[in-house]
Each structure stands twice: as structure tokens, then as C-alpha cells.
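Hi everyone, thanks for making time.

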Amino acid sequence: MNELYKAEVGRFGRWAAGAALLHILGLLMLDDFFPDVADEELCFLAGAVYLIGGLIFGVYQAATYARANHWVALLHRPLAPARIMAAVSGAGATVTLGVVLLPLLAMFAVHSISVDRLVETRHWLLAIGGALFALIGFFAGSFLALAPRRYGWIGLVTAGILLVGNLVGGPAALLLPCLLVAVLALLTLGAFHHNRTLAPTTPALRALTAGVASFALYFAVMLGVGFTSHMMLAALGRNPLINPKASVPRGLIQSSRMTGDELLGTTLAEAGGAGAEAVRTQLRGVPVTRLPIALEWVPAGPMLTTSERSDLVDPRRGTVWTYSQDAGAYRGVRMRDQYPVGWMRPAAGFAVPPVGVGGGRVASGGAMFRLDPARGTLARVVQLAPGEVIAASPTPLGRQVAVLGTRALHLFDRRVFDGTAVTPPLSVPLPGLIGDLRRLDVAQLPDQTIVSFFLGQNSIEGPSRAWQRIVSVTPDGAVRTIAERQFAPELSDLIRFRNSWLSPAMLGLANAVEEIGGAQAPTQLRAAIVLPQRIWLVAGVLAVLSAAATVLLARRRRLGGVLSGAWAIAALVLSLPAFLAFCLIERQSPA
């Protein structure tokens, strides 16, 4: 086993050295053009490159053995298939780690001894994350080359689905890539047997392959149902997203595309009543401002990447302040000679890593700070109630500034941000959870402020409920509801709830897996989805039919009773995805 491992490492030694050199050159170029290596977009690009590179190498290494004579020669060594796989794939994984991890560690080591660069714990973790992405690609490529063609793609699809939504987070976000590496390695182990056209012979590896196949097929079918439904409706001229004539007049889709004044005017007109009509008359010709409803990412704790720059510039002293998560403070560097000048933090510290919100200000949890150019210190300009988090950048509204929190919209006197006044804000409670907020429009009248909350973030093609509420805020802080209306869905429940009726159990499993190691941002809180009884009925009928079809097909393929029963139970629990996985994985037993 050791000799096979050494031979396989030596086989790719020169290629690995060349790839590592190209990697170093690429890092030098990126470092020259993009000094902030923890930028989210840059990390996404690098992770995709590492994954694709590992995928290509994994396919190449495995494909050189996945030929009739070569495969027989490899598997007929006086070693168990598991030990052969450990030697061959272990050598490939070692080469992959060397090509990706060593240049990254070398770059951060050089940065750490430079006085003008700030290297933290998260940078070293990002290097590990890049190596994990390369290993995911490597094992997905190995499984793609070794497994039967009918289902060899499931590993790559599963990894892609889970990684796309897990690129932002803290150190615990690396748990999911670690899990994917382990699962893909086990899938590859299951493909290491003499007859490569059949499923794994070990029950545990067979069950793992079936589970991953069901997971990949769940998303494939869900996307296929959505795409096919939209194309069929478009062909019939009945797709409200494409054909305006098919949408309900002043309904959900049309309202979501309206300008602010149109949206407020329509809702107030439908509400009727003297109060709504009076406000509608006052709003004619008054500009309506659409406020941002969320920052790109609101941290819930330490982060691996940065989506919003939080650097502060002090032009009077010629200093740039960069936040350090390890120190929990800003480090200052003189612009003329890049020499560190010290640290800066507010008296109470930062609740979470700060995020830039424009205008030389940063937000951390429920507090907002600005750099005081006269004193060269951080001054607190906004402090929301305990437990509330700033969710969006402040927006000027005449003499006021709107600050959206996770519980309410706060209207501050503009002089508060200049430090020339300290007055309590006018607060308008959100009528729902912040994650459901679709849009937010504000209009200012001489005697009141009109605020329109439009909720239903995932309501057009998804299962969320959509509704709108318009409220009035007087200068003394009194809030009253002027109008409210509900929006009926314009697409059928079979399209909107397809992720549920296709397999409720798989939906729950997918949500649980995607949340591994990830901390939910405060702005992502949403109301629970209530499934209609007809959706539960469709899901139950589909599960029973899937189990029955599995039993019939298992008998036709002459599978054993235990294996047939296990697949039938899986189809009853996981529904259609498990039946489709059964069709791909199982083949007729020999007579």
C-alpha cells in the first residue's frame, strides 16, 4: 500500500510542481490587484477555481485506471479494494493539498511579517477552506469517473447545491465542506469494486449512495418541474411573469413592479374610506422613496469573508483604519509610509464585526458609529433597543434619516448623524419579520410620514404569503394603520409548493444539511410556512405511489426481499426522489 501511494505521488510530482508554480503566480497577481484577499467575491472566484481544478485532476487520475485492463490489474493486487483506494486516492488528495494549500499558507506567512498587512486567524482558515474546495472537486471527479455513468454525476451536483449557499459564515462554515469531503470519499470507496456497472456491495455504502442520489434528484426534479411549468404556461400565453395580460390587474406581480407612488395610490384607492382617500389626495405629486431593505450581509458573529468593506479613512491625519476580528478593534496605518499607528475601538467594544453603511459610518449589531475627524475616535451616533440589529444602510429623507432595524423602521433627526443633536427617533414597528420584507416605501407629508410595508419575499414563485400595510406616523410618534390588503398568489400551488409536495422529508433534510455550521443572519428571519392540506394530500399520494412502484420494479428486477423492503421504505419516506434513485442505482440480479 505504501509503495503504491509513493508511486502515485511520484507519478504526478512534476505536474504538481508546475501547478503549484502557476498557483503562486496567480496569487501574486491577485494580491497586486486585490489586496483584500478575504473579499467575498474574490473568495467565491478562488473557491470555484480550486473546485474545478480538483475536479479535472480527479477525473483524469481515476479515468486512467477506469479502463478494462487497467482496472483489472489495479484491483487484482494482493490488497483489499479499500486499501487500494486509500493509496491511489490518498496520493491524489495529497497532491491536491500540496498544490492548493502550500502556496496559500506561504502567501499568508509572507503577509504576516509585513507591517502593512493584517493577517488574522480567518485568513489561515480561508486557506484551509480553499484546500477543502479542491478536495471536494477531486473526490467528486474520482466518483464521476469510477461510478456507473447513470449516476456518477450525483456527487458533483450535491456538492454544487450545498456549497453555493454556504460561502458566507464564520469558522463553523467549514464543517459542511469537511462533511462533503468525507461523503464523497466514501462514495468513491463504494465505486472501488470489480464490477463497475453495479452499485456498491457494502450495505452502508449502498445506502449512502442511494441517499446522495435521492438528494441530487430532489433538486433536479424540483428545478425541472419549475422550468417545465413556466415554459408550458409561456407557450399557452398564461405565464404572468412573462405575459402581462395573464397577470391579475393590480395583483401581486403587477404591484411588485410598480413605482412607489403607484403602489401607494393603488392600495389607498382599494382601501376606500375617508382617511385613506384624504392621504391619497395629499400624496399626489409627493416623491416616494424606496428604502433598502437589507445590507448584503449582516454578521451574526465572526466571519471568514467580508461582503461590505468597513475601512475608515481619516484624511486629516492621513490614516486608514482596518478592522481586525482577532483584536475586535480597528488598526490604523499611515497612508504615506504604511506604518501602523495604533488601535481604535469604542468604549463598549463591538457586538459583532462592523459593516460599512456609507458616509464614513459603520454598523455593528444595533449600534452605528462614525469617525470623529476632530478627535480621531469612533463616536456612537445610533443605538437601537437591546436585541435589535441595524438591517440596512441609512437613507436621507429631507430633515430625517431612515434607519431600518430588524424590528422597526426608525426615523432620526438628520442632525443626530452630525453630532449636533440628540433626539429620540420616530419608530414604526414592522408588521412582520424582517426576512419577509419585500419592499419598503416612504413618503413625507407636512403633517405626517407615510410608510408602506410590502411583505412576501418569496411569494411569487414560492410559498410565502404576500400582503401590504400602509401606516401613518405623526411628529409625536403616533402610528396608525391607513390601509392593508392581501395578495392572492397568481401561480398554482403545485408550482409554489413544489419543494414540499415532492418530498417533505427531503426538504427538511436539505434545510438541516445547509444549516450545518452556519449562523443565521438576523435579517434572514422569516415566518414559518403553513402547508395547505391539499399539498399534504399530494405529498402522501405521491409517496405511496413511489413505494408501490418501487416494490413492483424490485420484483421485476428480481431483487432480494431485504433489499426490496429497504428501498420501499426509503421511497415511502423520501417519495419520488428515492424511487428515481432506485431506478438509477439498482439493476437486475443475475439468475
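Helices (H or I, at least four residues) and strands (E, at least two) are DSSP runs, numbered from the N terminus.

What you're seeing is a predicted model, where local features need pLDDT of at least 70, side-chain atom pairs count only at pLDDT 80 or more, and totals for chains, interfaces and linings use all residues. Residues are numbered from 1 along each chain as its sequence is written, and side-chain values use heavy atoms, with hydrogens and water left out.

First up, helix α5, residues 81-112, and helix α6, residues 121-146. Their axes sit 9 Å apart, and the packing angle is about 150°. Angles over 145 degrees count as roughly antiparallel (under 35 is roughly parallel, 65 to 115 roughly perpendicular, the rest oblique), and α5 and α6 are therefore roughly antiparallel.

Who touches whom? Contact means heavy atoms within 4.5 Å. On the α5 side you'll find, among them, Met85, Leu97 and Phe108, and α6 brings residues including Trp124, Ile128 and Phe139. That contact divides into 17 nonpolar, 5 polar and no charged residues. For those classes, Ala, Val, Leu, Ile, Met, Phe, Trp, Tyr, Cys and Pro count as nonpolar, Asp, Glu, Lys and Arg as charged, and the others, Gly among them, as polar.

Now another helix pair: α11 (260-271) and α12 (274-282), at about 155° with axes 8 Å apart. That makes α11 roughly antiparallel to α12. Here the crossing is left-handed. Gly265, Leu268, Ala269 and Ala271 of α11 meet Ala276, Val279 and Arg280 of α12, which comes to 5 nonpolar, 1 polar and 1 charged.

On to strands. Two strands pair if DSSP finds at least two bridges between them. An open antiparallel sheet has 4 strands, ordered β10-β11-β12-β13. β10 (395-397) and β13 (426-429) are at the edges with a single partner strand each, so one side of each lacks a neighbour in the sheet. From one strand to the next, the twist averages 25°. β10 pairs with β11 (400-404) over 3 bridges, and Thr395 stands opposite Ala402 in β11.

Key. Axes are lines fitted to C-alpha atoms, for helices over the stretch in contact, and angles run from 0 to 180 degrees between N-to-C directions. A crossing is left-handed if the near helix is turned anticlockwise from the far one by less than a right angle, and right-handed if clockwise.
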